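I opened this notebook to record what I looked up, entry by entry.

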Amino acid sequence: MTESKTADEALAGCLRQGERIRWQSGTKPFPLLEKGEGGKIIGKWIGTAVVTVALLTLYIGQVPEWSIKVAAAILVIAVMLVLSPVMERWSLLGQRYWITDQRAILMTRDRSFYTIELSELDDFRLLSGRTAGDCLVLGECLFEEGERQLRWRACHPKTDLGSDNRRDLAQGLVFFSVENGAAAAECLRRT
């Protein structure tokens, strides 16, 4: 799919004949350091800085002919860890979500689709107060993990890695910081 396609145009190619949209949303903007996540992110940044300085100090101090390549690799890894929450937020802000009369559909920023058949959805939870909007956790397999790693799991739908057939079929999805999550939950209850 081309980048120029809108989300609705991209979805049209994913919908089945006669499938009807009952609810839709995108990710409602949220602050990078929102409650519950701010401490984790700052802790990650501080921890990364401490470990990076310690590794570089040990490496340079213990190896007489140290390599600039190894030192640069350590710094690159540290930068990636520091930037990961920013990239995660950027990714989430590009996601779109739909509930149809047949499936729950998540479209990532890069226009990849992940779906769960509503007939196969074992359970769901609506989480309020964790983000700027509501979060809808789809699939019992994510309930425990989703509570601890809500942002990460929202960026990484749970799929069956052993299956080569349909990588777009998800076992669990997180609709992150959506508008009117109660309406989405009501759509799921009616199925």
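I first noted that two strands pair if DSSP finds at least two bridges between them, where strands (E, at least two residues) and helices (H or I, at least four) are DSSP runs numbered from the N terminus. The model is predicted, so I kept in mind that local features need pLDDT of at least 70, that side-chain atom pairs count only at pLDDT 80 or more, and that totals for chains, interfaces and linings use all residues. Residues are numbered from 1 along each chain as its sequence is written, and side-chain values use heavy atoms, with hydrogens and water left out.

**Sheet.** I found two bridges joining E7 to E8, which run antiparallel, and I saw threonine 159 opposite alanine 170 in E8. Four strands make up an open antiparallel sheet in the order E5-E6-E8-E7, and its edge strands, E5 (124-127) and E7 (158-159), each pair on one side only.

**Rings.** I then looked up aromatic pairs, which are rings of Phe, Tyr and Trp (its six-membered ring) with centres within 6.5 Å, counted as stacked with planes under 30 degrees apart, edge-to-face over 60 and tilted for the rest. The structure holds four such pairs. Tryptophan 23 and phenylalanine 175 are stacked, because their ring centres are 6.0 Å apart and their planes lie at 5°. This pair links distant parts of the chain, since tryptophan 23 is in strand E1 (residues 21-26) and phenylalanine 175 in strand E8 (residues 170-178), 152 residues apart. Trp23, Tyr97 and Phe175 form one aromatic cluster.
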